[in-house]
Every structure is written in structure tokens, then in C-alpha cells.
Amino acid sequence: MSDEIQLVTHVENIRYDKEGEALFIIDQTLLPGEEREIQTCSLEQMLDAIGKLRIRGAPAIGIYAGFCMYVLARQIQETEPAAFYARLEELGDALVACRPTAVNLSWAVKKQLGTAREHLQEDRPRLLEALYQGAVEIQRDDQDKCTRISEYGLTLLQEGDGVLTHCNAGPLATSHYGTAPGPLLLAAERGMKLRVFADETRPLLQGARLTAYELQRAGVDVTLICDNMASIVMKNGWVQACFVGCDRVAANGDAANKIGTSGVAILAKHYGIPFYVLGPTSTIDMACRSGEQIRIEERDPEEIKRLWYEKPMAPADVKCYNPAFDVTDHSLITAIVTEKGICRPPYTASLPALFDNKE
Ligand code: MRU
């Protein structure tokens with residue numbers, strides 16, 4: 001099979017065609033100009049898709065990794081169970097190494113490895129079917145979680161409120177509704193009027209390219225601003241709440257999200273505006289004590305110097321620092337909204353309670 005990505009058109013962000021045994025994603029790098037679906041078959045294509053942010057957003061890369069594990073398992077030649085498992089683990093490690101900050105990626109890979117271990121002694125078709133069902137389950141579960149997060153998030157808003165959001169945590173970054181934009185989409189469905197300010201989100205422009213696109217299509221009143229305009233819209237009194245997603249939440253409530261998020265939180269504190277982080281419990285990493293332990297992905301300087309520009313907009317050899325995420329200190333976060341409810345400080349008490357099995 002060729003390593004070149006095959007191009008086809010469709011609309012769901014991650015779609016597995018069981019009959020044709022093919023994994024499709026919407027190539028988010030082409031949005032909003034073009035909504036195009038691409039097929040990814042080999043490990044190289046999958047690493048390219050995740051690394052180049054063709055598929056992105058913490059829950060979406062988790063869902064995608066679930067299906068990748070199934071697709072890759074189908075290609076494993078080793079027949080002996082231990083050798084099969086060792087190879088699957090190796091492939092999973094390669095996927096995880098691609099983007100280190102979002103915990104959902106490693107969470108999904110671990111989940112699929114667990115499923116493989118459970119069914120390792122069964123015949124190959126049964127083992128593969130279990131991995132397929134595992135991937136479908138991760139996707140369905142995310143749809144359900146996004147709906148619940150959106151419902152909880154909506155309870156924090158009132159008719160006419162202005163909401164500022166950063167990056168993209170909507171349907172493209174998840175499976176359905178999304179996290180931070182979920183309540184905004186739900187509000188639109190229910191005829192509730194809100195005014196949304198979407199930060200453009202330099203350097204990859206997820207806010208401009210994806211959030212503005214998703215919200216506008218859903219009929220939400222959205223105004224696009226540059227990242228450095230957040231302060232003035234807050235000062236003008238146009239923002240009653242900030243809603244952002246997350247890539248990894250530490251046990252103390254520190255939350256990693258797209259670069260620039262912590263600046264928004266600092267501004268929100270200055271202007272007395274509540275700052276909410278929305279995400280599924282699969283994004284909470286209780287093994288990570290604080291934000292200090294979260295590894296921040298650093299990306300290619302070319303994203304700052306020339307991507308999206310017709311001509312390079314910086315001296316070719318200028319030194320650049322391009323961290324993809326930053327960590328918002330828990331003291332700046334008013335609440336963390338999950339599918340299990342709204343957690344308030346102190347997070348060292350409210351976050352562990354989410355995992356208490358008592359529901
Ligand atoms: O680098 P990206 O575009 O994958 O970063 C995405 C974000 O930071 C999102 O806010 C986060 O993943 C939450 S998506 C529900």
C-alpha cells in the first residue's frame with residue numbers, strides 16, 4: 001500500500017468504514033477553505049496525521065489512536081501471542097510519542113493494549129473484533145461525555161452572556177458538541193442567545209480556522225479576535241465567562257491547554273471574569289501531581305515564521321521558541337467542568353472525588 005495519503009470527500013471528523021476496512025479523518029489543516037476527508041492506512045500516515053495536526057484536539061487524537069491501534073493490529077504479521085502483543089505495544093509507543101502533552105492519546109493506546117491483553121489467547125478474528133469494539137466504545141463514550149459536559153457548562157451561563165474561548169475544543173477536536181464550545185452549541189440549539197469571542201490562536205490559528213467555522217455554521221453569534229485583543233474585549237465588559245478546553249489536567253487542578261490559555265486566565269482574573277476549563281475525565285491525569293510535571297510539546301519554528309503567510313514574516317535565521325501548550329495555574333481556574341459534574345477548588349479534594357466509583 002502506498003504511503004501517500006489518499007484523498008476522498010466526507011464530513012465526520014473520524015470515520016471507520018467497517019465494510020471497506022478503512023479509517024478516514026477530515027484533514028483539519030485544510031479547513032475552513034476545504035472540507036476534505038483523507039484515508040490513513042499505514043503507521044507513517046498516522047504519525048503524519050497526528051504530528052501535522054490533520055487530526056487534533058485531545059479527545060479526537062485519543063479516538064483516532066483507538067482506531068489506529070485496530071488498523072495497525074490487523075497488519076501485524078507475528079502469530080505468536082507474546083510477539084503480537086510486543087509489536088502492538090511498539091506501534092502504540094510510536095503513536096504516543098507523536099504528541100506528548102495531551103493525555104488522551106496515551107490513555108486510548110493503554111486502553112487498547114489492555115483490551116488486546118484480555119483477548120490475547122483467543123483466535124485472531126476475535127482479538128481484532130475486540131479491538132474494533134474498543135475503538136468504537138472510546139468514540140461513543142466521548143460523544144456521551146461531550147453531551148454531559150455541554151449540559152453542565154450551560155448551567156454556568158445566562159441569556160445574553162459574552163463568552164471568550166481560545167483555540168478549538170469543538171466537534172472537530174472531539175466527537176460531538178465538543179467541550180468548551182459544547183455549551184455554546186447547545187445554547188444555539190435551544191434558542192438561547194450568547195455572544196462568543198474566539199481568539200484566533202497563534203501560530204496555528206485553530207480559533208480562526210476551526211472554532212469560528214464551527215460556531216458560525218451552527219448559527220452562533222461569533223466574533224473573531226486576535227489573541228492580543230482579549231484584554232480590550234474584557235475591559236469593554238463584553239465577556240462574562242471564559243470557556244477553554246484542556247489537554248491534561250494535573251491532580252492539583254493545573255491545566256495544560258493551547259499556548260496562550262494561561263494569559264487569558266490571568267486577564268480574566270484581572271477583570272474579575274470567571275475562567276472555566278471543560279474536559280472529559282479522561283483528560284485528568286491523577287498520576288501527574290502538578291503542572292510542573294506536564295511535558296510541553298515544542299513545535300517547528302517555521303509555524304511562527306512563515307506558515308499561513310505568502311512570504312516569510314521573520315528573518316530566516318531568527319531564534320524562535322514555539323511551545324504548543326501552556327499550563328494555567330489552578331488558582332486561576334474558577335471550576336473544571338467534566339461529564340461527571342462541576343469541580344470547584346480545592347481541586348485536590350474535588351478531582352479525586354470524580355474517580356470514587358460511587359458516581
Ligand atoms: O494543538 P491542538 O490543536 O491539538 O490543541 C488543542 C487544544 O489545546 C484544545 O483546547 C484541547 O485539546 C481540548 S480539545 C477538546
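The second largest cavity is lined by Pro59, Gly62, Ile63, Asn104, Trp107, Ile138, Asp141, Asp142, Lys145, Pro280 and Ser282. Its volume is about 60 Å³. The model is a predicted one, and the structure holds three cavities of 30 Å³ or more. The largest cavity has a volume of about 190 Å³, and the space taken by the ligand is that cavity.

**Second largest cavity**

- Helices α2, α4 (103-118) and α5 (124-154) each contribute at least two residues to the lining of the second largest cavity.
- With four residues, α5 provides the largest share of the lining of the second largest cavity.
- By class, the lining of the second largest cavity consists of five nonpolar, three polar and three charged residues.

**Largest cavity**

- The largest cavity, at about 190 Å³, is lined by 23 residues, and those closest to its centre are Gly57, Ala58, Asn168, Asp247 and Asn257.
- Both α2 and β10 supply at least two residues of the lining of the largest cavity.
- The largest share of the lining of the largest cavity comes from α2, with three residues.
- The lining of the largest cavity splits into 11 nonpolar, eight polar and four charged residues.

**Shell around the ligand**

- There are 18 residues around the ligand, and Arg56, Ala58, Arg99, Asn257 and Lys258 come nearest.
- At least two residues of the shell around the ligand come from α2 (58-75), and at least two from β10 (255-258).
- The residues of the ligand shell comprise eight nonpolar, six polar and four charged.

**Polar contacts and cover of the ligand**

- In the side chain of Arg99, an N or O atom lies 2.7 Å from an oxygen atom of the ligand.
- For Gln206, the distance from a side-chain N or O atom to an oxygen atom of the ligand is 2.8 Å.
- Asp247 has a side-chain N or O atom 2.9 Å from an oxygen atom of the ligand.
- On its own the ligand has 410 Å² of accessible area, and the protein covers 99% of this.

- Helix α2 supplies at least two residues to the ligand shell and at least two to the lining of the second largest cavity.

Technical notes: Residues numbered from 1 in each chain as written. Predicted model: local features only at pLDDT ≥ 70, side-chain atom pairs only at ≥ 80, totals over all residues. Heavy atoms only, no water. Near = heavy atom within 4 Å. Polar contact = N/O pair within 3.5 Å; in protein donor to acceptor, adjacent residues only side chain to side chain. Areas by Shrake-Rupley, 256 points an atom, 1.4 Å probe, with all protein chains shown as cover. 1 Å grid on protein atoms, 1.4 Å probe; cavity = no way out; pocket = protein on both sides within 12 Å on 5 of 7 lines; lining within 4 Å. Sits in = over half its atoms within 2 Å of the grid points. Nonpolar A, V, L, I, M, F, W, Y, C, P; charged D, E, K, R; others polar. Points joined across faces, edges and corners; volume = space filled by probe spheres on them.
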